[in-house]
Amino acid sequence: MKKYDIIIIGGGVIGCMTARALSRFDLKILLIERESDIGMGASSANSAIVHAGHDPMPGSLKAEMNRLANPMWTQVSEELGIPFKRCGAYIVAVGEEEYGCLAALKERSEKNGVQTELISAEEMRKREPMINPSTSGALFTPTAGMVDPFAACVASIENAIENGVEVLTGTAFTGFIMEGKKITGIHTSLGDFACRWVVNAAGTYSDEVMHAAGVRPDFKVTPRRGEYYLLDKAEVEMNNILFPVPSAVSKGILVLGSTHGNVLVGPNSQSTDDKENKSVTPDGLAEIWQGAQKLVPSITPRTIIAVFAGLRATGNAVCLTPGVNYHNDFVIERATEVEGLINLAGIESPGFTAAPAIAQRVTELLADGGETLVEKQGWNPIRKTRPRFNHLSREEQAALVAKDPRYGRIVCRCEMITEGEIVAEIHAPLPARTYDAIKRRTWLGTGRCLGSFDMPRVVELLAHELNLPVTAISKKGPGSEFLLRPTKEVEA
Ligand SMILES: Cc1cc2nc3c(=O)[nH]c(=O)nc-3n(C[C@H](O)[C@H](O)[C@H](O)COP(=O)(O)OP(=O)(O)OC[C@H]3O[C@@H](n4cnc5c(N)ncnc54)[C@H](O)[C@@H]3O)c2cc1C
């Protein structure tokens, strides 16, 4: 049986950033992800905001992790070479009653150590010309920002791999191997692996992983689905993050720009018992459209190019801070019932923001648990980036094409993605092996045609570079292959 010091279950942002943080130390680490690629859960279907921290309950772990992590994103994004804009965010009031709520939000923000500024209706209209003209003012949180969420996952795991971490995708955790109360390994769909520590970063399944070790039987994750519209960047432009005044259960339906230039509308919040249900519904979509029009009445449905949904891993953990009455806190702990398990569970929003601080906390939990953390010689926090053709000047583009003519062949015309970039992703430290893996890494196929021009060429490139038949190339893993047989071949 192959032996590791630490096995991380789950390749979302929490698992990937934890792998990167631990790759600094002289440890043998494996990350397993059951899907065909990392970042296919909540980590790539969210609002992509690095929250300032105005919203979490003061005294909760959510508030603490948000406060610690927010400033870390400047360094993290520079080291990983990922898009991040610290543009600030606005909580926009419409009408006098909502304006009255901003004072309470300001007070909560201050308790969380978050800088805020109340701005007038006139100033809000100046800063965002598309805002509802009936706005009565806003609370501005200057430290909020927008990030490319999938880039953050892929860049952190690539950096971890460059520093020695091993990754197995398409590998599901199925149970623990225990000696008494001590975890000594795990069973997976790809066989057994021995280890001294397991880090549970399984998102909506984090409760089931805990239960498999007999830990916290009362802890339950009940996913809350959030639906979104993605708008055509050629039609709508916005560089701001606009929140409504929040409700008791969510931060409300937002309208916001993104690092890719598209505007996002959503999410709503619907509890579901189905951990796989990422469908969108007519009622849900109507709800988010109505919510969006409250903030930006001028947006029109003809600008919509895609819909999607993500599942928040809402847990029922009670906040441990005395005097704080809160029931959906993060779980970030070394299990006390068994030896060798760290649980990162119930990591709903602001979990993406919190990821670098949670990863740092894991190193502290390991040290407290008796693990000697020796810094590896030659550890390199800088991830090697690959050229993005449409971000280059004409001169840089010409130089790149002269060096490698594949950068001169445009495969996705809306996003200007070249053959050179696609091939580079297929041979990256974590190889992109499906159409969606290429799409998430390059943003190819996200314009008006939604990939109808580029898809056949991408399938050919994947088949050629991976030395596979075209019939083996899939959208997102086994079962989603594009092609069954040549058209002229008689069906068996
Ligand atoms: C609608 C919505 C909006 C949000 N907006 C924001 C926001 O703007 N800002 C913010 O900070 N946060 C936001 N969040 C929260 C944020 O997205 C999550 O907190 C974060 O992505 C959680 O990361 P994770 O790694 O814990 O979970 P995930 O990304 O879900 O990763 C868990 C991984 O574990 C894998 N896994 C599960 N079971 C197994 C198994 N048995 N074996 C192997 N692998 C397994 C899954 O396949 C998955 O890839 C939002 C979430 C949603 C849903």
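Mentor: One starts with the division into domains. In this predicted model, domain 1 comprises 1-86 + 146-221 + 313-385, domain 2 comprises 87-145 + 225-309, and domain 3 comprises 389-472.

Trainee: How many Å apart do the C-alpha centres of domain 2 and domain 3 lie?

Mentor: The separation of those two centres is 33 Å.

Trainee: Which residues are closest to the ligand?

Mentor: The shell around the ligand holds 39 residues, and G12, G41, G203, G226 and G351 are the closest.

Trainee: How should I read the arrangement of two helices, and at what angle do the axes of helix 1 and helix 9 cross?

Mentor: One considers the approach of the axes, their angle and the handedness. The axes of helix 1 and helix 9 come within 8 Å and cross at roughly 40 degrees. Because of that angle, helix 1 is oblique to helix 9. Their crossing is right-handed.

Trainee: Which residues make the contact?

Mentor: Helix 1 contributes V13, I14, M17, T18, R20, A21 and L22. From helix 9 come G351, F352, A355, P356, I358, A359, Q360, V362 and T363. The contact of helix 1 with helix 9 is made up of eleven nonpolar residues, four polar and one charged. G351 of helix 9 takes part in this contact and is also among the residues closest to the ligand.

Methods: Residues are numbered from 1 along each chain as its sequence is written. This is a predicted model: local features need pLDDT of at least 70, side-chain atom pairs count only at pLDDT 80 or more; totals for chains, interfaces and linings use all residues. Domain bounds come from an automatic or database domain assignment. A residue is near a molecule or strand if its C-beta atom, placed from the backbone, lies within 6 Å of it. Axes are lines fitted to C-alpha atoms, for helices over the stretch in contact, and angles run from 0 to 180 degrees between N-to-C directions. Helices (H or I, at least four residues) and strands (E, at least two) are DSSP runs, numbered from the N terminus. Angles under 35 degrees count as roughly parallel, over 145 as roughly antiparallel, 65 to 115 as roughly perpendicular and the rest as oblique. A crossing is left-handed if the near helix is turned anticlockwise from the far one by less than a right angle, and right-handed if clockwise. Two residues are in contact if their C-beta atoms, placed from the backbone, lie within 7 Å. Ala, Val, Leu, Ile, Met, Phe, Trp, Tyr, Cys and Pro count as nonpolar, Asp, Glu, Lys and Arg as charged, and the others, Gly among them, as polar.
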